[in-house]
Amino acid sequence: MAQLSVVHLTNAITPDKLGGLERYVRELAEQLSRDGLSVTIITKQVLPTSPAYEISNDGVVIRRHRVPSKSKRTFALRYPFVVGFGVLRDLRRVPRTSIVNCHYAFTTLPLLLTSRPYMYTFHAPVHKEILNERGGSYVLPKRMQKLAVSAVRLVEKMILRRAQTVVVLSDAMAQEVRNLVPSSSSKVVKIPGGFDGDFFCPLDERGKIGFSSPVRLFTARRLTFRTGVVELVESVGILRQLGIDVALRIAGDGHQRSEVESKIRELQLEAHVRL
């Protein structure tokens with residue numbers, strides 16, 4: 001029997017870039033490879049030192065395509081075309097019978113020009129994040145921003161309609177799919193995210209990380225609008241006003257870091273909330 005082949009099509013992976021989606025795809029690919037499948041990841045080249053072709057220690061093949069420089073004023077216009085060419089080129093290098101699992105709208109878009117079937121893992125509505133997530137890292141004129149959001153929303157709807165199966169990690173994302181394409185509800189499958197219980201385990205000496213309060217909260221998140229870290233800090237302030245001794249530790253970084261730090265100072269939570 002021929003070895004089953006799986007291709008993950010995504011925006012970026014760890015360790016090239018740190019983030020939830022990036023780690024999810026990389027660790028899923030690793031586990032599938034351990035289970036005996038032939039696994040390829042097609043992604044963008046985040047770091048100039050990363051090879052275009054790599055076979056990692058866990059057997060996963062990684063193919064990286066180039067993207068235009070964010071320093072160019074034409075970045076937003078060139079990006080879909082450059083990515084599309086790279087994705088289609090790399091897809092031609094994997095077996096036609098491969099199961100294709102897509103994780104990001106822009107890298108899935110080229111598949112709409114082909115007859116290749118795919119499943120789509122809907123991690124988040126990109127059209128709601130495109131302005132906040134870019135964090136000023138590339139030029140997008142103000143008069144173009146509303147048009148860009150509408151265009152990305154249309155792309156997401158087209159991708160969801162064409163997908164054979166839509167995987168979501170939560171009920172919240174299932175609702176986002178229904179909001180975009182109500183007719184896609186019948187092909188939505190919820191597979192909640194998991195974690196490595198051997199790696200993420202309780203620490204016996206909790207005092208080492210400053211957990212002296214009876215109620216201890218910890219979150220590892222990118223500090224960006226969607227993840228709600230500012231609101232989490234505000235919640236700690238409310239709980240402490242109600243007399244609940246709670247402490248929060250936050251691991252992560254992002255373009256909202258200064259806003260999170262300001263909120264901690266504003267609510268005088270320096271002794272209870274720590275980045």
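1. A word on terms before we begin: helices (H or I, at least four residues) and strands (E, at least two) are DSSP runs, numbered from the N terminus. Please keep in mind that this is a predicted model, in which local features need pLDDT of at least 70 and side-chain atom pairs count only at pLDDT 80 or more, while totals for chains, interfaces and linings use all residues. Residues are numbered from 1 along each chain as its sequence is written, and side-chain values use heavy atoms, with hydrogens and water left out.

2. Let's start at Ala163, which sits in the loop between helix H5 (142-162) and strand S7 (165-168). Ala163 is buried, with a relative accessible area of 4%; buried means under 20%, exposed over 50%, and partly exposed in between (1.4 Å probe, protein chains only). Leaving aside residues up to four places away in sequence, Ala163 touches Tyr118, Tyr120 and Lys187, where contact means heavy atoms within 4.5 Å. Val188 is 25 residues from Ala163 along the chain, and their C-alpha atoms are separated by 10.0 Å.

3. Next, have a look at Asp16, in the loop between strand S1 (5-9) and helix H1 (20-34). Is Asp16 buried or exposed? Its relative accessibility is 10%, so Asp16 counts as buried. Not counting residues up to four places away in sequence, Asp16 touches Val46, Leu47, Ser50 and Arg64. With Arg64, the side chain of Asp16 also makes a polar contact of 2.8 Å. (A polar contact is a pair of N or O atoms within 3.5 Å; within protein, one must be able to donate a hydrogen and the other to accept it, and residues adjacent in sequence count only if both atoms are side-chain atoms.)

4. Now for the salt bridges, each being a side-chain nitrogen of Lys or Arg within 4 Å of a carboxyl oxygen of Asp or Glu. By this rule the model has 14 salt bridges. One of them joins the side chains of Arg64 and Glu54, at 2.9 Å from N to O. Arg64 belongs to strand S4 (residues 61-65) and Glu54 to strand S3 (residues 53-55), so the pair ties together parts that are 10 residues apart in sequence. Arg64 is buried at 6%, whereas Glu54, at 25%, counts as partly exposed. Asp16 comes back here too: Asp16, Glu54 and Arg64 are linked in a network of salt bridges.

5. Asp171 and Lys190 form another salt bridge, their closest N and O atoms being 3.1 Å apart. This pair links distant parts of the chain, with Asp171 in helix H6 (residues 171-180) and Lys190 in strand S8 (residues 188-190), 19 residues apart. Asp171 is exposed at 52%, and Lys190 is partly exposed at 42%.

6. Last, the sheet. Three strands form an open sheet in the order S9-S10-S11, with parallel pairing; two strands pair if DSSP finds at least two bridges between them. Strand S9 (215-220) and strand S11 (273-274) stand at the edges with a single partner strand each, so one side of each has no neighbour in the sheet. Strand S10 (residues 246-251) pairs with S11 over two bridges, and Arg249 stands opposite Arg274 in S11. Helix H7 (residues 229-241) packs on the sheet and touches S9, S10 and S11, its direction making about 165 degrees with that of S10. (Axes are lines fitted to C-alpha atoms, for helices over the stretch in contact, and angles run from 0 to 180 degrees between N-to-C directions.)
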